[in-house]
Amino acid sequence: MAETSTQGAVEALSLVPKAEARQTMKDFKSDQEVRWCPGCGDYAILAAVQGFLPELGLAKENIVFVSGIGCSSRFPYYMNTYGMHSIHGRAPAIATGLATSRRDLSVWVVTGDGDALSIGGNHLIHALRRNVNLKILLFNNRIYGLTKGQYSPTSELGKITKSTPMGSLDAPFNPVSLAIGAEASFVARTIDSDRKHLTEVLRQAAAHPGTALVEIYQNCNIFNDGAFEVLKDKQQSQEALIRLEHGQPIRFGADGSRGVVRDPATGDLQVVDVTPENEADILVHDAHAASPTTAFALSRLADPDTLHHTPIGVFRSVERPVYDTLMADQLDTAVEQRGKGDLAALLAGGDTWTVVG
Amino acid sequence: MTSQVSSPAEQADGAVAGEQRRAGTKDVRRLNRVIIRFAGDSGDGMQLTGDRFTSETASFGNDLSTLPNFPAEIRAPAGTLPGVSSFQLHFADHDILTPGDAPNVLVAMNPAALKANIGDLPRGAEIIVNTDEFTKRAMQKVGYDTSPLEDGSLDGYNLHPVPLTTLTVEALKEFDLSRKEAERSKNMFALGLLSWMYHRPTEGTERFLRTKFARKPEIMKANIAAFRAGWNFGETTEDFAVSYEVAPAAEAFPVGTYRNISGNLALAYGLIAAAHQADLPLFLGSYPITPASDILHELSRHKNFGVRTFQAEDEIAGIGAALGAAFGGSLAVTTTSGPGVALKSETIGLAVALELPLVIVDIQRGGPSTGLPTKTEQADLLQAMYGRNGEAPVPVVAPRTPADCFDAALDAARIALTYRTPVFLLSDGYLANGSEPWRIPELDELPDLRVRFAQSPNHTLADGTEVFWPYKRDPKTLARPWAVPGTPGLEHRIGGIEKQDGTGNISYDPANHDFMVRTRQAKVDGIEVADVEVDDPDQARTLVLGWGSTYGPITAAVRRLRAEGLPVAQAHLRHLNPFPKNLGAVLERYERVVIPEMNLGQLATLIRATYLVDAHSYNQVNGMPFKAEQLATALKEAIDG
């Protein structure tokens, strides 16, 4: 996580006015009582976002949080910025209209696994391919919380829930794989309880020009408690968690005893015990690789049931043209080529005739 | 059509013949009005031919009204009845209201076009057929066992058999074109012939061809040559002994500069003008759908007006993006047709709750479901009124003619901006594709639509703190303040959950919900709309009430009845929600109220429910506009009781 693209920060936020005074976390807390269940992972994410935003030093009136429906989507009410709590799954579409028409805003989408990947799946993939200047925080708790415990599109196969008493028949989505497949220019994963990691990922996402998707593993302590415990427990996470850092060999386990190498026969990735012989073959993470192939392979490393070998960090961060910039450029070009619109001339058109009294 | 100037009634369908003179070897007859229908395969270029003839006619100064009619398939099977595409044009030396009931002239490019349209022709009408296409096989395909050109079945008509294809290919033999390419210009030959017959100016069409085929000079020259050859053919051949003049309709029009305009173009211009008058950027979020896509195409061409067009991944994202832009301070619009409205319903409900300005353009087409994409209907009225969960009132505005789409768009924007509400603009396929002369307004005639964004706190708490309350309303309009992101100190959150009056905070309080539901309704009920005007010169006992695109046919029918000495009153609604304040009083004045609609009685349902008036419906849902004659007969029956 060492590298932050400062060049990106210029384009991503350069049009957003800066705050006049130094901000603190308190500036971003609204006067509304937070109403998530006690112990919900959302509290930690809210605190991390409120704690990190002052770093950006942006005028808070130029920050907007847009959400859909679900527990996580109550998020905007708790932020003392502009915000919209919209309808189920549509936040990326609404935020696209806002971000493309107002490039002086820093626009954030807060969504969940049901909101973003089920009812709103279409809008998510299209926002990603367009590369609109949006930061999408996808709180993934692998369950429907607000409707009280049905399986979600990220729930594991066979999961017993209220709507699947004999086990879920749905193969789950892997949000990182999906985002990379949808041409996302920035894809990261982090965990609600790891404040430091979460903050660093948010920092990089904020600086990214274009759409950034951040999957945040979030614990629902009521309906799916402990879903990510294997990644949080100090002992278990040794084998389960892989921290990706750009430019660093991908190693994990006790003293980095395990590593990721490419299978020369298939090109696929696999986990090995690191030895002096294979140490040089350990894959060095390149988040900026032009091809998404290796980032995609990394997203497939984790076992969807046990979560063993789950990479967190920035999988992919590449620069490509940003939709709202392109749209603004077309407007400028049209004015350059044809002059500023002349309404009277437009209405008159070419073929007219005159009736005189 | 734009004017209310009284004029000769649109009576019988036969063109009225006037004086006659001779020009060279040929007679020239003067007519008051003519209805021409071009018909051919959907690949024959009939819409283009009709458009060109219309432009020539418009620049000549006739009043006109058009009716394009085409299948939903881009290229339906060649030579079949379902594949026939037609374009009807009515033009006159006076003020006219409809594309006409029955053509005086049919140009039939093949047997299918003849068969599909002959039933609409009165005896004595002129028929120009392309004899080259009347092969045994082509005729059998549409069920002609014998050739209608030879079996006497067309004896009652004035038939002009013309080998259009052969003549076109012959005229283009100097060009380096394959036979197939040369044949494609036969529509221009036909256009040239008709242009001669009706003394149309030709410069515009030649200029059009030069621009359209600028990158294909050989095709351009060939089309111009075919066009001229058609003209010369009329001039020289003995089969066409008479040509016709229809004088400009100068007296029908108020003083001004005019152009021809279709409904969708007028609507697009209305939106650009509204943004200009509001001094706001225009944002369109849309998904392609017939017959609304032309508005997306048109607006995407005007980026130098600061117009942002966003072709979304679906209908829902189209309106979602528009709503997002509205939050950001744009004049936001989404364009669609009925099936798209169904998909947008939830977002329209959100817009009702958020109380943000948003114009929803519905170019109605035949339904339900996919229905008849290229045919007209006005059956989305109740969907616009009620098609949402909860009590979600939305104002509804409807244009009455193609040119009126301009003013209706400005009015929809006025309501949206003034009252901070989504507004339906209900046009339809007939208005969208039809065209008529439009008096181009001066900019200073356009309404001032400027809005004031909230800039500072609007409420003082008990302890003296100045705060911003996003749902503290304007006492007169009940509109809430529009505070756009980027305004310091006014940070606030809005959403679809019920809000507390004033603060806008989430509220589940029963009394507050009751109050908010009633307040949103009261806001829409209180929208200022113009009184409905009644045209009733003879103190009639029957009122004909209409809305939307039926204006032309209803007015033409009413003129016919009055010309026969039958008194009948007419009123036409622009505002369907809220209704004009005087509508109840108007309805009370009449013994009978008749409501013709291209649906099964949707306005009638609203009128009966609102005013307890025993309104009679007259309905047609065949995908086509009413014909004036048929409507006149129906009205007469209603008047006679």
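Guide: Gladly! Please keep in mind that this is a predicted model. Let's begin with the domains of chain B: the assignment gives domain 1 (20–244), domain 2 (259–445), domain 3 (452–528) and domain 4 (534–640).

Visitor: How many residues do domain 1 and domain 2 of chain B each bring to their contact?

Guide: Domain 1 of chain B brings 13 residues and domain 2 of chain B brings nine. The centres of these two domains, taken over C-alpha atoms, are 35 Å apart.

Visitor: Which element gives the most on the domain 1 side?

Guide: That is β4(B), with six residues. On this side, α1 and β4 (63–69) of chain B each supply at least two residues. By class, the domain 1 side has eight nonpolar residues, four polar and one charged.

Visitor: Let me step back to the whole chain. What radius of gyration does chain B have, and what would a compact globule have?

Guide: A compact globule of 641 residues would come out near 26 Å, and chain B has 27 Å, so the two agree. Along its principal axes, the C-alpha trace of chain B spans about 95 × 60 × 45 Å. The chain holds 20 helices and 26 strands, and 55% of its 641 residues count as buried.

Visitor: What share of the contacts in chain B joins residues at least 24 apart?

Guide: Counting contacts between residues at least 6 apart in sequence, the share is 75%.

Visitor: Which residues of α5(A) are buried?

Guide: They are A:H123, A:L124, A:I125, A:A127, A:L128 and A:R130. Following α5(A) comes A:N131, with a positive phi near 65°.

Visitor: Do strands run parallel or antiparallel where β2(A) meets chain B?

Guide: Parallel: three bridges join β2(A) to strand β20 (residues 493–495) of chain B. If you want a pair to click on, A:G83 has B:R493 as its bridge partner in β20(B).

Visitor: What is the order of strands in the open sheet that holds β12(A)?

Guide: The order is β12(A)-β10(B)-β17(B), with antiparallel pairing. To find the edges, look for strands that pair on one side only; here these are β12 of chain A and β17 (435–439) of chain B. Neighbouring strands of this sheet are turned by 40° against each other on average, ignoring direction.

Visitor: How many bridges hold each pairing?

Guide: β12(A) and β10(B) pair over three bridges, including that of A:T354 with B:T257. Strand β10 (residues 256–262) of chain B and β17(B) pair over five bridges. Among them, B:R259 is partnered with B:W438, and B:N260 with B:P437.

Visitor: Why is β10(B) called largely enclosed?

Guide: Because five of its seven residues are buried. As for helices by the sheet, α1 (residues 46–60) of chain B lies across β12 of chain A together with β10 and β17 of chain B, at about 165° to β10(B). Helix α9 (residues 263–278) of chain B lies across β10 and β17 of chain B, at about 115° to β10(B).

Visitor: How should I read the two faces of a strand?

Guide: In a regular strand, side chains alternate between the two faces of the sheet.

Visitor: Which strand runs parallel to β14(B)?

Guide: Strand β13 (residues 331–336) of chain B does, joined to β14(B) by four bridges.

Conventions: Residues numbered from 1 in each chain as written. Chains lettered and ligands numbered in written order. Predicted model: local features only at pLDDT ≥ 70, side-chain atom pairs only at ≥ 80, totals over all residues. Pairing = 2+ DSSP bridges. Buried ≥ 20, exposed ≤ 12 C-beta atoms within 10 Å, placed from the backbone. Axes fitted to C-alpha atoms, helices over the stretch in contact; angles between N-to-C directions. Contact = placed C-beta atoms within 7 Å. Domains from an automatic or database assignment. Nonpolar A, V, L, I, M, F, W, Y, C, P; charged D, E, K, R; others polar. Rg over C-alpha atoms; globule rule 2.2 N^0.38 Å.
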